[in-house]
Amino acid sequence: MKNHYFSVSEDQAFSAVVLRFNAMKAEEDPAGYAAMENRIRERTSVLLYLIPMRNLYLPREDAGEFFLDIQKDLSWIIRSFRISGLTYNSYLTQICRYRVMRFMRKKAKEKNLDTGILFSDMTIHEPHISEPCIPYYAKHADVSSMDLPELSRHIIRNHNPSMLVMNDKEKELTQLLQRPIKRRQFISFLLSLPETETPGFIAGVSRLLRIDIDTASRFYTLRHEALQSRNGAMIESLEMTAGRHWIVLVRLSRAINVESSPDKRNELEEKYRKLSRIYMQRRKDIARAHCGLTHKAIGDLLGISRSCVSHDISVMRSALERISSVP
């Protein structure tokens with residue numbers, strides 16, 4: 001079945017069918033138009049499932065999820081096919097290559113967002129205050145003059161046991177965060193998250209770390225500035241590198257399609273596979289850069305190694321998932 005769909009003669013013949021369909025008007029032959037549309041939609045759907053696995057090496061589970069995600073644009077994809085140097089399969093391959101990058105970035109971001117939302121849901125609720133929350137840092141330090149590394153170390157070292165905790169899950173988490181090493185792990189985790197914070201989220205952070213709201217707000221202000229200054233240049237560099245790889249991949253793809261020698265074709269396909277892996281890694285690096293501060297950047301801010309940051313984040317994510325799963 002797969003060979004049938006990807007044979008050169010079949011691809012060229014079906015390309016002509018799609019071009020003819022796009023030139024038709026529904027009112028001229030409603031029955032013929034509907035029959036051809038159904039045939040094209042069916043085959044396009046199959047190709048949008050097979051191409052990511054065959055040409056982009058997408059795992060079967062991800063290919064199925066990608067297939068469902070792209071279905072909403074099926075009509076637009078069919079209607080946008082025009083006469084060019086590409087056959088219909090090649091055209092769909094280019095569409096899939098671009099959309100798969102977006103899809104994988106979205107999945108990577110959603111994984112971080114899910115963790116952030118899980119934490120946010122655990123801490124945001126209607127407050128029921130029975131005693132005042134005593135500001136801690138306002139009486140002992142001027143946080144307005146601190147930069148992000150100083151402020152982070154200050155939060156890690158200091159703990160205010162007198163601040164009010166709202167619910168059982170927060171009580172368990174604040175007890176965990178009494179130790180400086182756990183507070184450092186929590187700070188590393190917060191620095192690695194995307195910019196999902198809301199006023200309620202920041203209020204939750206202030207309660208869990210037992211710091212006043214001004215300190216928590218300044219922490220997130222400085223974090224935002226750090227994201228812009230540290231990741232902006234890196235993202236630009238990575239995107240330029242990925243762009244160059246993409247151009248080479250397109251040229252290799254065209255060369256493979258027209259190459260008649262099996263040996264030369266296999267050589268080009270091997271080069272394509274190697275460069276595809278490098279390109280996918282660059283896209284993953286870009287996705288991570290968009291998600292929050294890198295582990296190396298967090299390590300530089302807190303004065304610890306990158307591997308220590310990775311361990312801290314893993315430990316804190318596991319702790320949050322465990323606490324949130326408790327009824």
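**Helix packing and burial in a predicted model**

Histidine 245 is buried, with a relative accessible area of 17%; buried means under 20% relative accessible area, exposed over 50% and partly exposed in between, with a 1.4 Å probe and protein chains only. The model is predicted, so that local features need pLDDT of at least 70 and side-chain atom pairs count only at pLDDT 80 or more, while totals for chains, interfaces and linings use all residues. Residues are numbered from 1 along each chain as its sequence is written, and side-chain values use heavy atoms, with hydrogens and water left out.

Histidine 245 lies in helix H12 (residues 213-258). Helices (H or I, at least four residues) and strands (E, at least two) are DSSP runs, numbered from the N terminus. Apart from neighbours within four places in sequence, histidine 245 is in contact with Leu275, Ile278, Tyr279 and Arg282, where contact means heavy atoms within 4.5 Å.

The protein as a whole has 15 helices and 0 strands. Of its 327 residues, 44% count as buried. Among contacts between residues at least 6 apart in sequence, 76% join residues at least 24 apart.

Two packed helices are described by the angle between their axes and the distance between the axes. For helix H9 (residues 168-176) and helix H15 (residues 306-325), the angle is about 155 degrees and the axes are 10 Å apart. This makes H9 roughly antiparallel to H15. Axes are lines fitted to C-alpha atoms, for helices over the stretch in contact, and angles run from 0 to 180 degrees between N-to-C directions. Angles under 35 degrees count as roughly parallel, over 145 as roughly antiparallel, 65 to 115 as roughly perpendicular and the rest as oblique. From H9, Lys169, Glu172, Leu173 and Leu176 meet Ala319, Leu320, Arg322, Ile323 and Ser324 of H15. The residues of this contact of H9 with H15 comprise 5 nonpolar, 1 polar and 3 charged; Ala, Val, Leu, Ile, Met, Phe, Trp, Tyr, Cys and Pro count as nonpolar, Asp, Glu, Lys and Arg as charged, and the others, Gly among them, as polar.

In helix H4 (residues 60-70), the buried residues are Asp62, Ala63, Phe66 and Ile70. They are on the same side of H4, because they cover an arc of only 100 degrees around the axis. The arc is that of the directions from the helix axis to the C-beta atoms. Arg60, Glu61 and Leu68 are exposed on the other side of H4.

Alanine 23 belongs to helix H2 (residues 8-23) and is exposed, with a relative accessible area of 62%.
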